[in-house]
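Reader: I am new to this structure. Could you show me how to read its features, one at a time?
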Amino acid sequence: MLRVRGLSLRYPNGTLALTDFELTLAAGEFAVVLGGNGSGKTTLLRCIARTVKPSAGEVWLGDIDLSVLDGEKLRRARLALAMICQHASLVRRRSVLANVATGTLGRHRTLWTALGGLPAAELEAARGHLAEVGLADLAERRAGTLSGGQAQRVSIARALAQRPRVLLADEPVASLDPEAAEDIMRLLQRLARTERIAVLCVLHQVELAYAYADRVIGIRAGRIAFDLPKSQLSREAVHRLYLPAAA
Amino acid sequence: MKADLAPRGLGRPTMTNSWGRALAIALYFAAALLVVAIVAQALIVVEARPQDLITGIHGMADIIRRSMPPDFSRFPSTLWPTLQTVDIALFGTAIGIVIALPLALLAAVNMTPSRYAYYGARGIIGFTRAVPDLVWALLFVTAVGLGPFPGGLALGVHSVGMLGRLFAETIEQMDMAPIQALELTGARRVQVFTHGIIPTILPSLLGISLYRLDENIRSSLVLGFVGAGGIGFQLLTAMNLFQYQEVSLLLIIIFVIVLGAERISAALRERLA
């Protein structure tokens with residue numbers, strides 16, 4: 001579903017943020033990326049989502065290489081790839097339902113959507129996605145009034161409305177309390193299993209990775225330190241990931 | 001060990017401390033002298049003569065006495081100019097909003113498509129703001145003749161500058177995370193604008209526009225003095241004809257318009273917040 005080959009990113013100042021990264025993610029697989037601050041986790045997701053252009057390497061989404069696309073072609077290819085971030089990033093003054101339905105905008109090219117309208121059928125479908133994340137009764141609420149956990153669920157519903165094949169999650173539970181964090185992780189795990197979405201999730205919470213991931217990828221100084229099924233992962237390997245660079 | 005924990009400034013005054021304090025006092029003294037000097041030069045430049053105000057108070061009192069009571073029989077003839085005054089402001093504000101919004105998008109660092117568009121838009125906004133509305137009114141009176149139309153055009157052009165700057169600042173301060181999230185869903189640029197940017201900034205833009213309308217109503221009163229119609233023009237005519245009782249009536253109407261516009265604008269802005 002998602003194949004990353006020799007992905008590298010060198011910043012203009014010469015710093016290598018990512019070096020020869022290799023990754024394959026199958027449909028329905030839930031992989032967690034662990035690593036210290038500045039290790040390149042978020043950069044990896046940004047390169048895959050093509051919000052930054054990698055210096056080298058390929059990002060295959062199905063049979064399309066995102067790394068060589070630009071403009072309209074990239075926009076269309078990226079429809080199959082959704083991303084959620086640490087903060088839900090909802091349009092606060094719009095309703096929860098409208099926020100979810102905006103996930104479908106990329107599929108519509110009508111005057112109505114250009115003028116700020118949303119197709120009735122997509123609004124109806126958005127209700128279904130809200131029900132999937134357990135927030136059907138909050139559809140008409142203004143997004144700015146939601147709690148952090150609720151807002152993150154809405155951002156996941158928006159990602160579902162996009163009908164993605166791959167879901168990238170950049171520290172989706174970093175600003176949530178432990179209970180809300182568990183809820184979100186359970187939801188992502190369920191989506192991977194039932195909707196067959198490949199989920200690549202960056203986390204700082206090692207215990208959540210142990211509890212929910214199928215696979216754990218360790219990243220250190222922009223390189224893969226390990227890429228193992230959860231059952232083969234040792235605590236020692238994870239511990240080494242967070243040691244200072246000289247150690 | 002205890003000595004290490006003591007606050008630094010509480011120790012015995014050292015030579016460095018006392019010099020520092022003396023320097024600080026000297027700086028405060030110099031700053032106070034500078035303020036006094038600035039105020040003094042302003043008094044000299046404006047040729048301030050308070051004694052003239054005292055000796056001339058009889059003239060003012062005479063005008064006030066001749067203005068009383070206001071001539072309410074003239075009230076019906078003030079209704080049309082009053083409507084003109086409000087409509088000049090509405091027309092000018094509407095023109096200002098329509099032109100300022102696209103300009104502000106070009107003049108906002110986070111939205112502008114190119115550096116040239118940014119500097120071009122900033123230049124237009126700066127120029128229309130720098131030229132006072134009174135000067136714009138004189139220019140438009142020359143172009144299209146006397147009446148409310150040049151007044152509306154003058155307020156419109158000046159509002160482009162005022163609104164453009166405030167709109168651009170609002171757009172620059174906008175939270176970009178929801179906008180980037182929408183871009184990531186694959187939404188097109190125009191969809192990002194209508195579904196993300198507009199709902200985010202609309203309340204602020206409406207608030208700024210209402211405040212501008214309130215300002216424009218006040219300005220449209222003054223524009224009448226240079227021939228741009230409305231109640232200001234009627235006030236000037238009444239003063240030139242020494243009809244002070246009509247002047248006092250017009251001043252009451254102006255007071256009601258300005259206060260009413262201010263209160264309505266403030267109430268609406270509060271609702272939008």
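Reader: Which residue is the bridge partner of R220(A) in β10(A)?

Author: First a caution: this is a predicted model. The partner of R220(A) is R223(A), in β10(A). Now step back to the strands. Strand β9 (residues 215–220) of chain A pairs with β10(A) over six bridges, in the antiparallel sense.

Reader: In what order do the strands of the open sheet with β9 and β10 of chain A stand?

Author: Read along the sheet: β6-β7-β8-β3-β9-β10, six strands of chain A. The pairing is mixed. From one strand to the next, the twist averages 15°.

Reader: Which strands form the open sheet of four in chain A?

Author: The order is β2-β1-β4-β5, and the pairing is antiparallel. β2 (16–25) and β5 of chain A are the edge strands; each has a single partner strand, so one side of each lacks a neighbour in the sheet.

Reader: Which residue takes a positive phi in the hairpin of β4(A) and β5(A)?

Author: G62(A), with phi near 65°. The hairpin has two residues between the strands.

Reader: Where do side chains point along a strand?

Author: In a regular strand they alternate between the two faces of the sheet. For a single residue, look at its surroundings. A56(A) lies in strand β4 (residues 56–61) of chain A. Leaving out residues up to four places away in sequence, A56(A) touches G6(A) and S8(A). A56(A) and R5(A) are 51 residues apart in sequence, yet 9.1 Å apart in space, C-alpha to C-alpha.

Reader: Why does A56(A) count as partly exposed?

Author: Count C-beta atoms within 10 Å: 20 or more means buried, 12 or fewer means exposed. A56(A) has 14 others in that range, so it falls in between.

Reader: Is S89(A) buried or exposed?

Author: Buried, because 24 C-beta neighbours lie inside 10 Å. S89(A) sits in the loop between β6 and α3 (96–101) of chain A. S89(A) has a positive phi of about 55°, although it is not a glycine. R196(A) also has a positive phi, near 60°. R196(A) is in the loop between α7 and β8 of chain A, and is partly exposed, with 13 other C-beta atoms within 10 Å.

Reader: Which residues touch the most other members of the largest nonpolar core?

Author: V154(A) and V199(A), in a core of 116 residues. Helix α8 (residues 148–172) of chain B gives the most to this core, 11 residues. Contacts of V154(A) beyond four places in sequence include A88(A), L90(A), V96(A) and L135(A).

Reader: How many residues does each chain bring to the contact?

Author: Chain A brings 22 residues and chain B brings 17 residues. On the side of chain A, nine are nonpolar, eight polar and five charged.

Reader: Where do the domains of chain B lie?

Author: The domain assignment gives domain 1 (2–45) and domain 2 (76–272). Their C-alpha centres lie 46 Å apart.

Reader: Which residues of chain B does a cis peptide bond join?

Author: M68(B) and P69(B), with omega about -10°. P69(B) is in the loop between α4 (57–67) and α5 (75–107) of chain B.

Conventions. Residues are numbered from 1 along each chain as its sequence is written. Chains are lettered from A and ligands numbered from 1 in the order in which they are written. This is a predicted model: local features need pLDDT of at least 70, side-chain atom pairs count only at pLDDT 80 or more; totals for chains, interfaces and linings use all residues. Two residues are in contact if their C-beta atoms, placed from the backbone, lie within 7 Å. Ala, Val, Leu, Ile, Met, Phe, Trp, Tyr, Cys and Pro count as nonpolar, Asp, Glu, Lys and Arg as charged, and the others, Gly among them, as polar. Domain bounds come from an automatic or database domain assignment. A nonpolar core is a set of buried Ala, Val, Leu, Ile, Met, Phe, Trp, Tyr and Cys residues joined through C-beta atoms within 7 Å. Two strands pair if DSSP finds at least two bridges between them. Axes are lines fitted to C-alpha atoms, for helices over the stretch in contact, and angles run from 0 to 180 degrees between N-to-C directions.
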